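Keep the structure open as you read.

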Amino acid sequence: MIRQDNDLAFMLKYENVAWYENGAVKILDRRVYPTEIKFVTCHSYIEVAEAIADMVTQSAGPYTAAGMGMALAAYECRNMKWEDILSYLEKASCILSHARPTTVERMKKVTEGCLNAVKNFADSGRAFDEIIFERTLESLNRRYFTMSIVAKNLVNLFPDNASIMTQCFGETIVGTMLREAKQRGKDIKLFVPETRPYFQGARLTASVARQQGFDTTVITDNMPAFVMKNNKIDLFTSAADVICMDGHVVNKIGTYQIALCAKYHGVPYFVTGIPDEKNSDISSVTIEYRDPRLVLEARGIKNTLDGVCGYYPSFDITPPHLVSGVVTDKGVYVPYNLKRYFETEVKEYY
């Protein structure tokens, strides 16, 4: 396997996303990075599911963590009878894939794929945790490879001297986009909204961009309109947690309002990723609501008086008329004809 994480930032290296070894899963704690480089070690698949739910890992990280969690589940049940092993892994698949409600369909592809790998190699004589680990690592590598192609198609849309606004932390596409821009000699400047309440933009996107050598400016979440008007933003881009077949984009809360600003100021908005065929329309998506107390604080410091209420939808929905294009590994699609993506062979990387 030729690893696809070359020249990417620290937190995008495979071992620093989620890694199974010796009966444990190690996950970089993105809740505190880069202030602190800390790993959460999980000794059961239940602990992996809890880490995913608790936002230890975010963006695409949970997909890798779920696969590594399935490897850990296989280790936990290694001494059971075959029927009990299947039952144990089926339960693990369900719990891991449902750790966060908005991305269940994508997560099921990961965990059910791991389960099928065990069924397919049941008579190989190999340890099931090893089979699942290798499958997860290969899937991770395929995702990086696929997103590198997406990155090429996205960077094709960048001027040579571009100011780009991002949202939240798109993980693989952020790193591969910047790697591609550097290889082409494009002078890219990033404006990164902080993305409260977890500050993924300020802590994660900005860290990756800076480590990969790019001019990076963090702005607060209420600055995008001002910056678009006064700092000549050429393009707004984000990844997506779900790209529905009807063109609606589900992404970190705040994406919708930036898309509105972009439309008003004539800035194109390009979302990156693969359309979700199982999410036929926006009604198929469950928006996750998280602990409202997190809105009342900033990195653990309370900002409000007792009795003040918080409200925390984790994602919002951007309608297709605000999306200039969906950038995929097969090219750029308008959000109204995403079925075209599936007219040719689709190579799964989950």
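Which residues does Thr-272 touch, not counting residues up to four places away in sequence? The model is a predicted one. In it, Thr-272 touches Val-150, Leu-154, Ile-173, Thr-237, Ser-238, Ala-239, Ala-240, Ile-243 and Val-327. Thr-272 itself is found in strand S10. Its relative accessibility is 3%. Buried means under 20%, so Thr-272 counts as buried.

Next, the nonpolar interior. In soluble globular proteins, nonpolar side chains tend to be buried together. Here the largest nonpolar core has 103 residues. Leu-89, Phe-158, Met-165, Met-228 and Phe-236 have the most contacts inside that core. Helix H5, residues 128-155, gives the core its largest share, 12 residues. Phe-158 deserves a look. Leaving out residues up to four places away in sequence, Phe-158 touches Ile-164, Met-177, Lys-186, Ile-188 and Leu-235. There is also a second, separate core of 6 residues. Among them are Val-250, Val-285, Ile-287 and Phe-315.

Helix H2 comes next. H2 runs over residues 61-76 and has 16 residues. From its first C-alpha to its last, H2 reaches 22 Å. That is close to the 22 Å expected at 1.5 Å a residue. Of its 16 residues, 14 are buried, so H2 is largely enclosed by the rest of the structure.

Now the charged pairs. The structure holds 16 salt bridges. One of them joins the side chains of Glu-15 and Arg-3, at 2.9 Å from N to O. Both residues lie in the segment before strand S1 (18-21), so the pair ties together parts that are 12 residues apart in sequence. Glu-15 counts as partly exposed, at 28% relative accessibility. Arg-3 also counts as partly exposed, at 32%.

What do the side chains of Glu-288 and Arg-100 meet in? They meet in a salt bridge, again at 2.9 Å from N to O. This pair links distant parts of the chain, 188 residues apart. Glu-288 sits in the loop between strand S10 (269-272) and strand S11 (297-298). Arg-100 sits in the loop between helix H3 (82-97) and helix H4 (104-120). Glu-288 is buried, at 6% relative accessibility. Arg-100 is buried too, with a relative accessible area of 10%.

Glu-105 counts as partly exposed, at 27% relative accessibility. Lys-108 is partly exposed as well, with a relative accessible area of 25%.

Finally, the cysteines. How many disulfides does the structure hold? The count is 0. Take Cys-77: the nearest cysteine sulfur is that of Cys-114, 13 Å away. A disulfide needs sulfur atoms within 2.5 Å, so Cys-77 is in none. Cys-77 is buried, with a relative accessible area of 1%. Cys-168 is in no disulfide either. Its nearest cysteine sulfur belongs to Cys-261, 17 Å away. Cys-168 counts as buried, at 10% relative accessibility.

Conventions: Residues are numbered from 1 along each chain as its sequence is written. This is a predicted model: local features need pLDDT of at least 70, side-chain atom pairs count only at pLDDT 80 or more; totals for chains, interfaces and linings use all residues. Side-chain values use heavy atoms; hydrogens and water are left out. A salt bridge is a side-chain nitrogen of Lys or Arg within 4 Å of a carboxyl oxygen of Asp or Glu. Helices (H or I, at least four residues) and strands (E, at least two) are DSSP runs, numbered from the N terminus. Buried means under 20% relative accessible area, exposed over 50%, partly exposed in between (1.4 Å probe, protein chains only). A nonpolar core is a set of buried Ala, Val, Leu, Ile, Met, Phe, Trp, Tyr and Cys residues joined through side-chain atoms within 4.5 Å. Contact means heavy atoms within 4.5 Å. The expected span of a helix is 1.5 Å times one less than its number of residues.
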